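Me: I would like to go through the terms used for this model one by one, and to see what each of them rests on.

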Amino acid sequence: MASPVGTETRAAVAPLAALAARYDDRRPDRWEPVPERLDAAIACDVELAEAGRVARAPLVAELARRFEFLAHYLDAILLVPRERFVLPEDLAASADDTPLPLDRAGQATVSAPHAYLLTYSLLDLGPGDRLLELGTGTGYGVALARRIVGPTGHVASIEIDPVLHARAVRLLGARPDRQEGDEARAASAAGPSDEGAGVTLLCGDGRSLAERVLAGERTSPSERPWKVAVTYALTEPPTALEAQLSDGGVLVAPVGAWEGHQELVRVERRQGALLREVHGAVRYVAERGRG
């Protein structure tokens, strides 16, 4: 006999799967860039948005059971519409706690929801913080973080793939910066993550641009130290980034070979010293842009 929890979950997800079928046959090739008009149609689908929120409720309950996440982290999972950030063909799976692919080669994904919250917990991300993310993808992590840090915080994110960067700019309601072609900004009221922070989106090599951000070439108004989240696996610790952390700054990154053992590493600068911790085995996609 099916468990009550399993039955309730299936009942919650069924409407999302049914509505997702509206978009199954919109594109001949799922790996082609998503047209702006299709993203707009999904964003305007009120029934789909409500079905997505209902489908995420069992996910939030499961995350609350498995982890000790803060309530406002779980609220972000419930309220941020993950269905807008996946490929249209994966809408039915958008409430699952699994990574979903964004390209044919498997080099980019929308990570599982719990993975974002694990990183944010290790960063102790909270209202008013500045987050620097390496690996925007389509912007789901930015949308979650923007809600968590609130209107007094700031989120900067870097994506190496110009196609994914362009879609993230669109989905997050950003506008291209006229002075710099690789930068886009989003006001706190723009995009699906309302009531959240301002956002800066950058396109280029993650570590190179991150070093410039931490060096102060690109800054937000806040004076708080940056908290840095790396969303892909590094083969070695990012020592250059670690060295640039200011006092109180924290960096969390998966470190290890893509096909081998990876560990989630946390580094904090405290009173001038770098403190390193390892927080278990993980599996992330590999870093791109470095030989």
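Reply: Buried means under 20% relative accessible area, exposed means over 50%, and partly exposed lies in between, with a 1.4 Å probe and protein chains only as cover. Helices (H or I, at least four residues) and strands (E, at least two) are DSSP runs, numbered from the N terminus. The model is predicted, so that local features need pLDDT of at least 70 and side-chain atom pairs count only at pLDDT 80 or more, while totals for chains, interfaces and linings use all residues. Residues are numbered from 1 along each chain as its sequence is written, and side-chain values use heavy atoms, with hydrogens and water left out.

Me: What makes helix α6 mostly covered?

Reply: In helix α6 (residues 140-149), ten of its ten residues are buried; among them are Y140, L144, R146, R147 and V149. After α6 comes G150, with a positive phi near 75°.

Me: Why is α4 called roughly antiparallel to α5?

Reply: The axes of helix α4 (residues 71-79) and helix α5 (residues 113-123) come within 11 Å and cross at roughly 150°. That angle makes α4 roughly antiparallel to α5, given that angles under 35 degrees count as roughly parallel, over 145 as roughly antiparallel, 65 to 115 as roughly perpendicular and the rest as oblique. Axes here are lines fitted to C-alpha atoms, for helices over the stretch in contact, and angles run from 0 to 180 degrees between N-to-C directions.

Me: Which residues of α4 and α5 meet, and what classes do they belong to?

Reply: With contact meaning heavy atoms within 4.5 Å, Y73, L74 and I77 in α4 meet P113, L117, Y120 and S121 in α5. By class, this contact of α4 with α5 has six nonpolar, one polar and no charged residues, where Ala, Val, Leu, Ile, Met, Phe, Trp, Tyr, Cys and Pro count as nonpolar, Asp, Glu, Lys and Arg as charged, and the others, Gly among them, as polar.

Me: How do you know that D124 counts as exposed, and what is its phi?

Reply: D124 has 52% relative accessibility and therefore counts as exposed. D124 lies in the loop between α5 and β3 (130-134), and its phi is positive, about 55°, although D124 is not a glycine. Most residues other than glycine have a negative phi.

Me: Why does Q271 count as exposed?

Reply: Q271 counts as exposed because its relative accessibility is 75%. Q271 sits in the loop between β10 (262-270) and β11 (273-282), with a positive phi near 50°.
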